[in-house]
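This briefing is intended for a reader who is meeting the structure for the first time. Please keep the sequence and the model in view while reading.

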Amino acid sequence: VWPDWETFAAELPKLGVPFFFSKKATQLLWDADLAPAEGTVLIFGAETTGLPEELHARYADRFVAMPIHSPHVRSLNLSNSVAIA
C-alpha cells in the first residue's frame, strides 16, 4: 500500500509496465501487449469517477478499453473488469 500516487509512480519501474483501464481509451484491451518482459501492472479507477485526468495526459499511450458491444450496457462494474483483465 502506498500513501499517494506519486509514491506509487516512483515504484512503477520496479513493478512493471503500467496499463490503465478507461472507457475513454482508444486502444482496445485485446490489441495491447499486456505481457512486456518487464512485467505488467494493471491499474483501474473508481467505478464512479474513473481515473484522474492528469493520468490520462501523463500516460496516454498506456490506456486501454474493454469493448462493450451492447448499446444497453453503459459500463462493467469494477470487479468484473478486473476479472476480465
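The model is a predicted one. Its largest pocket holds about 670 Å³ of space. Of the 26 residues that line this pocket, the closest to its centre are Phe21, Ser22, Lys23, Ser75 and Leu76.

**The largest pocket**

- Two elements, β4 (63–65) and α3 (78–84), each contribute at least two residues to the lining of the largest pocket.
- Sorted by class, the lining of the largest pocket comprises 13 nonpolar, 9 polar and 4 charged residues.

**Lys23 and its surroundings**

- Lys23 belongs to the loop between β1 (17–21) and β2 (27–28), and Lys23 is among the residues closest to the centre of the largest pocket.
- Is Lys23 buried or exposed? Lys23 has a relative accessible area of 71%, and because exposed means over 50%, Lys23 counts as exposed.
- Lys23 and Arg74 are 51 residues apart along the chain, and their C-alpha atoms are separated by 9.9 Å.
- Ile68 stands 45 residues from Lys23 in sequence, with 9.4 Å between the two C-alpha atoms.

**The nonpolar surface patch**

- Which residues form the nonpolar patch on the surface? The patch is formed by Leu28, Trp30, Ile68, Val73, Leu76 and Ile84, which together have about 510 Å² of accessible area.
- Leu76, a member of this patch, is also one of the residues closest to the centre of the largest pocket.
- Ile68 is located in the loop between β4 and α3, and Val73 is likewise found in the loop between β4 and α3.
- Ile68 has a relative accessible area of 35% and is therefore partly exposed, given that this class lies between 20% and 50%.
- Val73, with a relative accessible area of 37%, is partly exposed as well.

**Tyr59**

- Where does Tyr59 lie? Tyr59 is placed in the loop between α2 (53–58) and β4.
- The relative accessible area of Tyr59 is 13%, so Tyr59 is buried, the cut-off being under 20%.
- Tyr59 and Ala10 are 49 residues apart along the chain, and 14 Å separates their C-alpha atoms.

Methods: Residues numbered from 1 in each chain as written. Predicted model: local features only at pLDDT ≥ 70, side-chain atom pairs only at ≥ 80, totals over all residues. Heavy atoms only, no water. 1 Å grid on protein atoms, 1.4 Å probe; cavity = no way out; pocket = protein on both sides within 12 Å on 5 of 7 lines; lining within 4 Å. Points joined across faces, edges and corners; volume = space filled by probe spheres on them. Helix = DSSP H or I, 4+ residues; strand = E, 2+ residues; numbered from the N terminus. Nonpolar A, V, L, I, M, F, W, Y, C, P; charged D, E, K, R; others polar. Patch = residues over 30% accessible without salt bridge, like charges linked within 9 Å, V, L, I, M, F, W, Y side chains within 5 Å. Areas by Shrake-Rupley, 256 points an atom, 1.4 Å probe, with all protein chains shown as cover. Salt bridge = Lys/Arg side-chain N within 4 Å of Asp/Glu carboxyl O. Buried < 20%, exposed > 50% of the residue type's maximum accessible area, 1.4 Å probe, protein only.
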